[in-house]
Amino acid sequence: KPEIDGSYFVEEGSAEIVNSRMGDAANPRLREVLGAITRHLHAAVKEVEPTHEEWFAAIEFLTKTGQICSDWRQEYILLSDVLGVTMLVDAINHRRPSGATPNTILGPFYVEGAPRYANGANICLDHKGLPTLVRGRVSDIEGNPIAGATLDVWQTNDDGFYDVQQKGVQPDYNLRGLFTSEADGRYWFQTVKPRFYPIPYDGPVGKLLKAVDRHPNRAAHLHFIVEAQGFQQVITHIFTPDCPYMQQDAVFGVKRELVAEFQEIDDPQMAAEYGMPNPFLLVEWDFVLAPA
Ligand code: MBD
Ligand code: FE
């Protein structure tokens with residue numbers, strides 16, 4: 001049948017007809033990817049039978065999602081996050097050996113070029129929140145220490161905002177820093193306990209969440225990127241154990257292995273040793289890296 005005849009288009013497999021137009025010069029992987037997207041998209045459209053107005057609303061939504069609304073933000077990452085696709089892609093690409101620290105979502109608030117500190121430094125520059133000492137070891141899967149690993153950490157302040165969301169309100173690089181593991185693999189730094197907070201919901205993705213009656217809150221977390229020569233980079237979080245959104249993180253980033261204890265320590269000697277106020281919270285957290 002001539003495919004030019006629109007009367008056959010739907011009945012004869014519209015996606016197949018579209019996909020058959022791709023020529024021999026197409027990159028095979030692109031052919032596979034676009035072919036699958038076209039098939040699933042046509043199936044979804046046939047399932048929901050949108051009106052023209054609905055389809056145009058979808059296009060408008062995607063257009064707005066792609067617009068840069070500040071120097072650090074367009075919303076496609078966030079859309080991928082709230083639809084669970086980011087975690088899915090991550091799971092597909094990071095099937096680590098058991099025992100290795102799992103990945104989770106990067107999120108939109110990572111900033112390169114945070115200050116590098118000596119172990120023990122305090123990354124909380126606005127002095128708000130519950131003082132917390134994070135310490136642990138970076139090791140390989142056999143437990144051998146990894147010296148010289150870089151730990152890049154970032155989190156929200158006690159009001160639930162990243163520094164880049166509150167330029168001029170928070171000090172630059174508040175609650176961000178790079179640390180280096182010592183010869184025995186150890187690292188330690190001072191921060192404050194993170195709290196849950198909403199992903200930005202003033203844009204198109206926030207409107208979408210509201211429209212489908214979903215909350216925008218992320219389980220409270222500290223972000224880490226840990227890297228060392230010869231090992232796989234780990235992009236991950238530490239979660240607090242007592243966050244009300246643990247079971248319903250807006251972006252599906254929680255993994256059981258990433259939930260830490262935040263122990264209350266009342267020990268003036270230990271506090272003095274680390275330059276912490278007493279009492280304080282202690283998080284003992286080891287990172288285990290898989291070979292590259
Ligand atoms: C965040 O802070 C975050 O970590 C992710 C993954 C998405 C939105 C906001
Ligand atoms: Fe975050």
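Trainee: In this predicted model, what percentage of the 292 residues in the protein chain is buried?

Mentor: The model is predicted, and a residue is called buried here if 20 or more other C-beta atoms lie within 10 Å of its own. The protein chain has seven helices and eleven strands, and its C-alpha atoms fill a box of roughly 85 × 40 × 30 Å along the principal axes. Of the 292 residues, the share that counts as buried is 26%.

Trainee: How far apart are the C-alpha centres of domain 1 and domain 2?

Mentor: The protein chain is divided into domain 1, covering residues 6–49, and domain 2, covering residues 76–289. Between the C-alpha centres of these two domains, the separation is 41 Å.

Trainee: What span should helix α2 have, given its 21 residues?

Mentor: Helix α2 takes in residues 28–48, and the count of buried residues among its 21 residues is zero, so that this helix is hardly covered. Glu49 follows α2 and has a positive phi, near 45°. The expected span is 1.5 Å times one less than the number of residues, and the end C-alpha atoms of α2 agree with that expectation, because both values are 30 Å.

Trainee: Which residue of β10 is the bridge partner of Val134?

Mentor: Strand β1 (residues 131–140) runs antiparallel to strand β4 (residues 186–192), with seven bridges joining them, and in β4 the partner of Val134 is Phe189. Strand β10 (residues 280–284) is joined to β1 by four bridges and runs parallel to it. In β10, the residue that pairs with Val134 is Val283.

Trainee: Which residue in β11 stands opposite Val138?

Mentor: Strand β11 comprises residues 287–289, and it pairs with β1 in the parallel sense over three bridges. Opposite Val138, the β11 residue is Phe287.

Trainee: What percentage of residues 134–162 is strand?

Mentor: In an unreviewed entry, UniProt lists residues 134–162 for "domain: Intradiol ring-cleavage dioxygenases". In the model, the end C-alpha atoms of this span lie 19 Å apart.

Trainee: How many charged residues are in the shell around ligand 1?

Mentor: The residues surrounding ligand 1 are Asp81, Ile105, Gly107, Pro108, Phe109, Ile199, Arg218, Val251 and Gly253. By class, this shell has five nonpolar and two polar residues, and its charged residues number two.

Trainee: Is Leu175 buried or exposed?

Mentor: Leu175 sits in the loop between β2 (150–154) and β3 (176–180), and its phi is positive, near 60°. Most residues other than glycine have a negative phi. Because 27 other C-beta atoms lie within 10 Å of Leu175, its class is buried.

Trainee: What is the omega of the peptide bond joining Asn278 and Pro279?

Mentor: Pro279 lies in the loop between α7 (268–274) and β10, and the bond that joins Asn278 to Pro279 is cis. Most peptide bonds are trans. For the bond between Asn278 and Pro279, omega is about -5°.

How values were computed:
Residues are numbered from 1 along each chain as its sequence is written. Chains are lettered from A and ligands numbered from 1 in the order in which they are written. This is a predicted model: local features need pLDDT of at least 70, side-chain atom pairs count only at pLDDT 80 or more; totals for chains, interfaces and linings use all residues. A residue is near a molecule or strand if its C-beta atom, placed from the backbone, lies within 6 Å of it. Ala, Val, Leu, Ile, Met, Phe, Trp, Tyr, Cys and Pro count as nonpolar, Asp, Glu, Lys and Arg as charged, and the others, Gly among them, as polar. Helices (H or I, at least four residues) and strands (E, at least two) are DSSP runs, numbered from the N terminus. A residue is buried if 20 or more other C-beta atoms lie within 10 Å of its own, exposed if 12 or fewer, and partly exposed in between; C-beta atoms are placed from the backbone. UniProt positions are given in the numbering used here, feature names are shortened, and annotations may be inferred rather than shown by experiment. Domain bounds come from an automatic or database domain assignment. Two strands pair if DSSP finds at least two bridges between them.
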